[in-house]
Amino acid sequence: MTTSTTGSQLLASAAGLDAADPLAVLRERFVPGDGELIAYLDGNSLGRPLIATREHLFRFVDDVWAPRLIRGWDEGWMDSPLTLGDALGALTLGAAAGQTVVADSTTVMLYKLCRAAVCARPGRRQIVLDTENFPTDRYVLEGIAAETGTQLVWIEPDPLEGVTADEVAAVVGPDTALVVLSHVAFKSGFLADTPAITRIAHAAGALVLWDLCHSAGVVPVELDAWDVDLAVGCTYKYLNGGPGAPAFGYVASRLQGELRQPVQGWMGHAEPFTMGPGYAPATGMRRFISGTPPVVGMLAMRDMLDLIGEAGLDAVRAKSSALTAYVIDLADELLTPFGVEIATPREAARRGGHVMLTHPSFRELIPALWERGVIPDFRPPQGMRVGLSPLSTSFGEVAAGLALVARLLEERGQGRLISVR
Ligand SMILES: Cc1ncc(COP(=O)(O)O)c(C=O)c1O
């Protein structure tokens, strides 16, 4: 038994795609996986470490932490949430300096900015969100609604299509304080029309917060040009900051003076070391910091920002689109005969950096893939998320990974039998 001719040709085309990839050489900058790893298809959940990061961490211990000790705080650590935020904003978010901070987890940063936004629109009693957004966004907003006596207004988008501008226009109004949405949907990968939705929310007098967890470092974002108010995002996905690396938050300059975030820690105080009796927020982005900056957690993402700068974000996006297109083509040929469905937009301009495939057997199939060195992730109820990190993922990896998915589906006797060689 063999795959269809087109399926075999598609698998074989991976070598040519890798040979023609102008970014392929940069894959050597990453620490190789263990000998068992065949395909890492989860760079959208946790990016791989760079070789430069290994050295950077060693150097930090030997050259900075050990010799400088507490003096390090005056020699750059204290400002690192803002200096790193500026670099991240300039390179990946289209944000001018002074609007991005690196701190907390995404969940905590989301809480701080959303709570501040709702309190900055006191007459308005509604928060607009959607049922397809990441759980933490929904849960945090449930909590804020309970704390502030506001009401949640749910959009229920088509899971494949994501939230549209029309759906937002239908629910915002004079009572909307805040709209919270994801730029790239964490399951379907749908790319929202951020500029249009932001304009619609503003026309209703509301503020908008965009969750950029699945965009930062892979899909170019223009926060200033799109007139975005607030944004948050992860740095351990496409920014390769490492497990638990701190989040980033963006607050447009025009709003900073107006917003008062709720976790009033000493590091957001105008004069933290006077240690005075009451809280007085610092000016600018410093007021959105709460506690001691996670200095060690910020080291790895600097290396990835350097690499993205070297490659150019537009080139990263171009390879990302080619990788997701390749996944869709392979899935059409190798997996749909087994009943797999593609739950991501087919038009490249409407999707982010990952592809969602669905099948009733994926919950049990994915552990079997992991055992054999192919690592995507599972998202309920029956989704396999194939995450492509353009600077570390090869077309060959994608081919090997999806070929194994096809083989396991075949072994499980799902649908019509096709063997992949
Ligand atoms: C879209 C989205 N928002 C928020 C989060 C929460 O991030 P954290 O767990 O770092 O707070 C995640 C985590 O994966 C995410 O994918």
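Let's start at His 214, which sits in the loop between strand E6 (207-211) and strand E7 (230-233). Keep in mind that you're looking at a predicted model. Skip the neighbours within four places in sequence and you still find His 214 in contact with Asn 44, Ser 182, Val 184, Phe 186, Lys 237, Gly 352 and Gly 353. For a sense of distance, pick Ala 66: His 214 and Ala 66 are 148 residues apart in sequence, and their C-alpha atoms are 36 Å apart in space.

His 214 also belongs to the group of residues around the ligand, along with Ser 105, Thr 106, Thr 107, Phe 134, Thr 136, Asp 137, Ser 182, Phe 186, Asp 211, Cys 213 and Cys 234. Two elements give two or more residues each to that shell, namely helix H4 (106-119) and helix H5 (135-148). By residue class, the shell splits into 4 nonpolar, 6 polar and 2 charged.

Now look at what leads into H4. Asp 104 is in the loop between strand E2 (100-103) and H4, and its phi is near 60°, a positive value in a residue that isn't glycine. Asp 104 is buried, because 23 other C-beta atoms lie within 10 Å. Compare Asp 227, which sits in the loop between E6 and E7, the loop that also holds His 214. Asp 227 has a positive phi near 60° too, again in a residue other than glycine. Its surroundings are another matter: with 15 C-beta neighbours inside 10 Å, Asp 227 counts as partly exposed.

Time to zoom out. The protein chain has 12 helices and 13 strands. Its C-alpha atoms fill a box of roughly 75 × 55 × 35 Å along the principal axes. A compact globule of 421 residues would have a radius of gyration near 22 Å, and the chain's value of 22 Å agrees with that. Buried residues make up 48% of the 421. Among contacts with a separation of 6 or more, 72% join residues 24 or more positions apart.

How is the chain divided into domains? The domain assignment gives domain 1 (5-50 + 312-411) and domain 2 (76-307), so domain 1 is written as two segments. The C-alpha centres of the two domains lie 29 Å apart. Where they meet, 30 residues of domain 1 are in contact with 26 residues of domain 2. On the domain 1 side, helix H10 (313-335) and strand E10 (354-358) each supply at least two residues, and H10 gives the largest share, with 5 residues. That side of domain 1 divides into 12 nonpolar, 11 polar and 7 charged residues.

The nonpolar packing tells a related story. The largest nonpolar core has 83 residues, and the members that touch the most others are Leu 113, Cys 114, Ala 117, Leu 178, Val 179 and Leu 209. H4 supplies the largest share of this core, 8 residues. Both domain 1 and domain 2 give residues to the core, so it lies between them. Take Leu 113 as a way in: beyond its neighbours within four places in sequence, Leu 113 is in contact with Leu 209, Leu 230, Val 232, Gly 249, Val 251 and Gln 261. There is also a second, separate core of 37 residues, which includes Ala 14, Leu 323, Leu 334 and Phe 395.

Next, helix H9 (residues 299-311). Its buried residues are Leu 299, Ala 300, Met 301, Arg 302, Asp 303, Met 304, Leu 305, Leu 307 and Ile 308. The buried residues of H9 pack against helix H2 (51-68), helix H3 (80-93) and H10. After H9 comes Gly 312, with a positive phi near 90°.

One last stop, for the backbone geometry. The peptide bond from Pro 380 to Pro 381 is cis, with omega near 5°. You'll find Pro 381 in the loop between strand E12 (377-379) and strand E13 (383-387).

How values were computed: Residues numbered from 1 in each chain as written. Predicted model: local features only at pLDDT ≥ 70, side-chain atom pairs only at ≥ 80, totals over all residues. Near = placed C-beta within 6 Å. Helix = DSSP H or I, 4+ residues; strand = E, 2+ residues; numbered from the N terminus. Nonpolar A, V, L, I, M, F, W, Y, C, P; charged D, E, K, R; others polar. Rg over C-alpha atoms; globule rule 2.2 N^0.38 Å. Buried ≥ 20, exposed ≤ 12 C-beta atoms within 10 Å, placed from the backbone. Contact = placed C-beta atoms within 7 Å. Core = buried A, V, L, I, M, F, W, Y, C linked by C-beta atoms within 7 Å.
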